[in-house]
Amino acid sequence: MSSHSQPFEGRFDFETEAEAGGQLVRCLTGELELFGHAGEWVIPPDHMVYIPPGRMFRLRARVLSTGLVAKFCHEEVSWHHDGCWVGPVGDFAATLLQHSLRWGPDTGTRDRKARSFYVTLGDMVPEWFRHERILWTPYAENSNLQKVIDFATRRGPSVTLPEAAQFAGMSERTLRRHMQVELGQTWRDFVRELRMNRAMELLRKERLSVTQTAFEVGFSSSSAFSSAFFQYVGKTPSNYARSFPSGGQARPPADRPTRETLQEVRHHPNSDVPPKIGGMH
């Protein structure tokens, strides 16, 4: 099979075990959710995720979503991160990904233009994901650390290190060490993720103003929040909110996949339109 790209549209829930090639998935409208062994990610509009080869994953769209997936079949990407990575789609990346749709699943293995293009595209991918990991809720192997993650997610951005450590029954020093060793994050980084993820949720789902959102996630001023948000997302809060149509886009409540759920490999038949992601053609 040759490397190729294809668009998708609809609501879907797709799981796969270990794809032979890496995949670059772009969300144009709606919202995608990705679940893997290391955690879960949200992919909002104008963002993309790279899924390395050999990774079991689940990709879900619970609201009507559009986008495209570029599948690499010949190891064109030299990936330098451990696991999946989400990032914003720049103008150059958007242009290349749109151009990649010239080569669909029926692309022949002898198509030299296709091979040359996907080699070039593969060279670009690591450069597009040089930033820190974002839009990520981690899973932990250590049960006490997973308790902290679950507690902090429920508690929200106002959670503090002392109360999280007390909840898990460990010292603050031990908690810091576990987070650094297992997650590669400091407590400060982890809370920043919580704050920004919650801010994005408030802006796109609850349609709060920038000022309301800033105070809700613990910032003392909207200007400080806007600066931090732009650094994290690559858009101002107001521009980010405008990328979502008002009404009808809030995600319905649904189960959070467990590690056991991800062991099952299936495409859920209640999709509006089959996504044709990974091995589905």
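Contacts across the sequence come first. Of the contacts in the chain with a separation of 6 or more, 77% join residues 24 or more positions apart. The model is a predicted one. Its chain has 281 residues, and 51% of them are buried. The secondary structure comes to nine helices and eight strands.

Start with strand 2, residues 23–29. Five of its seven residues are buried, so strand 2 is largely enclosed by the rest of the structure. Strand 2 has two pairings to follow. With strand 5, residues 47–51, strand 2 pairs in the antiparallel sense over five bridges. Leucine 24 stands opposite tyrosine 50 there. With strand 6, residues 57–71, strand 2 also pairs in the antiparallel sense, over six bridges. Here threonine 29 has threonine 66 of strand 6 as its bridge partner. In a regular strand, side chains alternate between the two faces of the sheet.

Stay on strand 6 and look at serine 65, which has its place in this strand. Is serine 65 buried or exposed? Its relative accessibility is 0%, so serine 65 counts as buried. A polar atom of the serine 65 side chain lies 2.8 Å from the backbone oxygen of valine 63. Beyond its neighbours within four places in sequence, serine 65 is in contact with Phe8, Glu9, Gly10, Thr29, Gly30, Glu31 and Leu32. Thr29 in that list is the bridge partner of threonine 66.

Phe8 leads on to the aromatic rings. The structure holds 14 aromatic pairs. In one of them, the ring centres of phenylalanine 8 and phenylalanine 12 are 5.5 Å apart and the planes stand at 85°, so the pair is edge-to-face. Phenylalanine 8 and phenylalanine 12 are both buried. A pair of aromatic rings is described by the distance of the centres and the angle of the planes.

Other rings join into a cluster. Ring pairs link Tyr50, Phe72, Trp79, Trp103, Phe117, Tyr118 and Phe129.

Two arginines lie over ring faces. Arginine 58 lies over the face of phenylalanine 35, at 6.0 Å from the ring centre. Arginine 195 lies over the face of phenylalanine 219, at 4.1 Å from the ring centre.

Next comes backbone geometry. Most residues other than glycine have a negative phi. Aspartate 46 has a positive phi, near 65°, and is not a glycine. Aspartate 46 lies in the loop between strand 4 (39–43) and strand 5. At 25% relative accessibility, aspartate 46 counts as partly exposed. Glutamate 75 also has a positive phi, near 55°. Glutamate 75 is found in the loop between strand 6 and strand 7 (85–88). Its relative accessible area is 77%, so glutamate 75 is exposed.

What does the side chain of aspartate 46 join in a polar contact of 2.7 Å? The partner is the side chain of lysine 235. Lysine 235 sits in the loop between helix 8 (222–233) and helix 9 (237–242). Leaving aside neighbours within four places in sequence, lysine 235 is in contact with Asp46, Phe229, Phe230, Tyr240 and Ser243. Proline 88 is 147 residues away from lysine 235 along the chain, yet their C-alpha atoms are separated by 8.9 Å.

Finish at helix 4, residues 161–168. Leu161, Ala164, Ala165 and Ala168 are buried in this helix. Why do they line one face of helix 4? Seen down the helix axis, the buried residues fall within an arc of 95°, so they line one face. These residues pack against helix 3 (143–155), helix 5 (172–183) and helix 6 (187–204). Glycine 169 follows helix 4, and its phi is positive, near 75°.

Note on methods:
Residues are numbered from 1 along each chain as its sequence is written. This is a predicted model: local features need pLDDT of at least 70, side-chain atom pairs count only at pLDDT 80 or more; totals for chains, interfaces and linings use all residues. Side-chain values use heavy atoms; hydrogens and water are left out. Buried means under 20% relative accessible area, exposed over 50%, partly exposed in between (1.4 Å probe, protein chains only). Helices (H or I, at least four residues) and strands (E, at least two) are DSSP runs, numbered from the N terminus. The arc is that of the directions from the helix axis to the C-beta atoms. Contact means heavy atoms within 4.5 Å. Rings of Phe, Tyr and Trp (its six-membered ring) pair if their centres lie within 6.5 Å; planes under 30 degrees apart count as stacked, over 60 as edge-to-face and the rest as tilted. A charge sits over a ring if NZ of Lys or CZ of Arg is within 6 Å of the ring centre and within 35 degrees of the ring normal. A polar contact is a pair of N or O atoms within 3.5 Å; within protein, one must be able to donate a hydrogen and the other to accept it, and residues adjacent in sequence count only if both atoms are side-chain atoms. Two strands pair if DSSP finds at least two bridges between them.
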